[in-house]
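User: Please take me through this model with a few questions and answers, giving the cut-offs behind each term as you go.

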Amino acid sequence: MAMNGSGYMFGLYSNHIKSIFGYGQSALNSISFFKDLGANLGVVSGILYEVAPPWLVLSVGAILNFFGYFMLWLAVSGRTAAPGLWLMCVYMGVAANSLSFGNTAALVTCLRNFPLHRGCLLGLLKGYIGLSGAIMTQLYHAMYGENNPEGLILMIAWLPSAISLASLPFIRHINSNNNQRNDLKPFYNLLYISLALAASLLAIIIPQTKIHFSKTDYIAVASLVILFLLLLLAIVVNQELTLHNHPPPITSILVQSSSPHLTTMSRSSNWY
């Protein structure tokens, strides 16, 4: 989710698109409209999630993200013939629609795995969608500098897609015992690190608007952001190892799998 907020970064390269192709404000508004339309058209990802595993939903999102932004980068960088406005709108709509696949795969899977902590999970995951724009901006400055909109579009094409593919083993349905599901300590640890990351980004972004940062400064800031993200990953890996070393008993899995039928039978028995 920390790399799933590319839609918030449209303002960083929209003026470059406008100047490269000579678009007016109405044409730029059309591209922005298709960006918003694609980002909010989540019914396709929802239907796919009902019939496919989470890894497939996440993979489709990664492919759409790379295709949309990579084609946009090819057009903006002059590596292909200048596309028509309608084709630019299609590229942007496809790229923005990829966000719904990542959101659906991560959010719904986490809510199903931890139904007792849905509020905490929603707050954390939605918070990272908001932070993702700031996180990716710092990484962009470290890799491509300040005034390189084409580099930004290219980074948005490959980085979120690579992160999505790398997270495929972690985003899945799990069978865990009740103690593991009710353990709030990992969520608190994630919350503490997230608050520290948000405070650090706030303390960094404000000076960036006032003073000039060198390439070395941007690399140092990006390293700090990556450190926070690695701490989050360490918590996830630790929970994965705990689940691997202490698998749920077979009886608990059978009870969990049969509980919907038992609930239905108990409800229907009230009619007799």
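Analyst: Helices (H or I, at least four residues) and strands (E, at least two) are DSSP runs, numbered from the N terminus. The model is predicted, so that local features need pLDDT of at least 70 and side-chain atom pairs count only at pLDDT 80 or more, while totals for chains, interfaces and linings use all residues. Residues are numbered from 1 along each chain as its sequence is written, and side-chain values use heavy atoms, with hydrogens and water left out.

User: In which helix do Phe10 and Tyr13 both lie?

Analyst: Phe10 and Tyr13 are three residues apart, about one turn of the helix. The helix that holds both covers residues 10-21 and is H1.

User: How are the rings of Phe10 and Tyr13 arranged?

Analyst: Rings of Phe, Tyr and Trp (its six-membered ring) pair if their centres lie within 6.5 Å, and planes under 30 degrees apart count as stacked, over 60 as edge-to-face and the rest as tilted. The search of the whole structure finds nine aromatic pairs. For Phe10 and Tyr13 the centres are 5.5 Å apart and the planes stand at 80°, so the pair is edge-to-face.

User: Is Tyr13 buried or exposed?

Analyst: Buried means under 20% relative accessible area, exposed over 50%, and partly exposed in between (1.4 Å probe, protein chains only). Tyr13 has a relative accessible area of 0%, so Tyr13 is buried.

User: How far apart are the end C-alpha atoms of helix H9?

Analyst: The expected span of a helix is 1.5 Å times one less than its number of residues. For the 24 residues of H9 (residues 185-208) this should give 34 Å, which agrees with the distance between the end C-alpha atoms, 35 Å.
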